[in-house]
Amino acid sequence: GERLQAKPHGPCRAKAEQPQQWSGGKHRTPASRRHVLQQLDNMIWDLATKRALDVLNRGSPKELMQLEGVGPKRAARIMDLRPFASIDELSQVGMKPWELERFAKRNLRARPPQGPAW
């Protein structure tokens, strides 16, 4: 005889009726979701940057030295050149561009936004 197949119902039915597209084995996020995720990444980055700037502008030498890439000499230089409006201004304390990038990755614990540096 003929085999009967159960038809999906409820939310499963809607999913079963959607055409399946091959994505080459990679998960593709819808554009609207990607936009929301990018906005969230940027918000997290902004918050992390504000926290780092707060430590740079107000922190004690001991707190500054807890940041990766900041030793006693650099902490003293940071304190002399305060206030900083952006992480880029750490170039004034002798940080090279690659050191600024490493500082951000290690201390901000967030991904930088797409496009120009913070």
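The model is predicted; local features need pLDDT of at least 70, side-chain atom pairs count only at pLDDT 80 or more, and totals for chains, interfaces and linings use all residues. Residues are numbered from 1 along each chain as its sequence is written, and side-chain values use heavy atoms, with hydrogens and water left out.

The protein has five helices and zero strands. Along the sequence the pattern reads α-α-α-α-α. Helices (H or I, at least four residues) and strands (E, at least two) are DSSP runs, numbered from the N terminus. Of the 118 residues, 23% count as buried. Here buried means under 20% relative accessible area, exposed means over 50%, and partly exposed lies in between (1.4 Å probe, protein chains only). The exposed surface comes to about 9500 Å², with carbon and sulfur atoms supplying 54% of it. Accessible areas come from the Shrake-Rupley method with a 1.4 Å probe; for residues, only the protein chains shown count as cover. Contact means heavy atoms within 4.5 Å. Among contacts between residues at least 6 apart in sequence, 48% join residues at least 24 apart.

Start with α2. Its 28 residues should span 40 Å at 1.5 Å a residue, and its end C-alpha atoms are 40 Å apart, which agrees. The expected span is 1.5 Å times one less than the number of residues. The buried residues of α2 are Asp-41, Trp-45, Ala-48, Thr-49, Ala-52, Leu-53 and Leu-56. Their cover includes α3, α4 and α5.

Leu-37 also lies in α2. It counts as partly exposed, at 39% relative accessibility. Together with Leu-40, Met-43 and Ile-44, Leu-37 makes a nonpolar surface patch of about 380 Å². Patches are made of residues with over 30% relative accessible area and no salt bridge: like charges are joined within 9 Å, nonpolar side chains (Val, Leu, Ile, Met, Phe, Trp, Tyr) within 5 Å.

What does Ala-52 touch, not counting residues up to four places away in sequence? Its partners are Ile-87 and Leu-108. Ala-52 is buried, at 6% relative accessibility. Its C-alpha atom is separated by 8.8 Å from that of Leu-67, 15 residues apart along the chain.

Ile-87 counts as buried, at 0% relative accessibility. From Ile-87 to Phe-103 the C-alpha distance is 9.0 Å, across 16 residues of sequence. Pro-83 is placed in the loop between α4 and α5 too. The peptide bond from Arg-82 to Pro-83 is cis, with omega near -5 degrees. Most peptide bonds are trans.

Now take α4. Its buried residues are Arg-74, Ala-75 and Ile-78. They cover an arc of only 105 degrees around the axis, which puts them on the same side of α4. The arc is that of the directions from the helix axis to the C-beta atoms. The buried residues of α4 pack against α2, α3 (61-65) and α5. Turned away from that buried side is a face with the exposed residues Pro-72, Lys-73 and Asp-80.

Helix α5 (residues 97-108) has twelve residues and reaches 16 Å from its first C-alpha to its last, close to the 16 Å expected. Buried in α5 are Glu-99, Leu-100, Phe-103, Ala-104, Asn-107 and Leu-108. They cover an arc of only 140 degrees around the axis, which puts them on the same side of α5. What covers them includes α2 (31-58) and α4 (72-81).

The whole structure holds four salt bridges. A salt bridge is a side-chain nitrogen of Lys or Arg within 4 Å of a carboxyl oxygen of Asp or Glu. One joins Arg-58 and Asp-54, with the closest N and O atoms 3.3 Å apart. Both lie in α2, four residues apart, about one turn of the helix. Arg-58 is exposed at 69% relative accessibility, while Asp-54 is partly exposed at 36%.

Another pairs Glu-68 with Arg-106, at 3.6 Å between the closest N and O atoms. Glu-68 lies in the loop between α3 and α4 and Arg-106 in α5, so the pair ties together parts that are 38 residues apart in sequence.

The side chains of Glu-99 and Arg-74 also meet in a salt bridge (3.7 Å, N to O). Glu-99 lies in α5 and Arg-74 in α4, so this pair ties together parts that are 25 residues apart in sequence. Both residues are buried.
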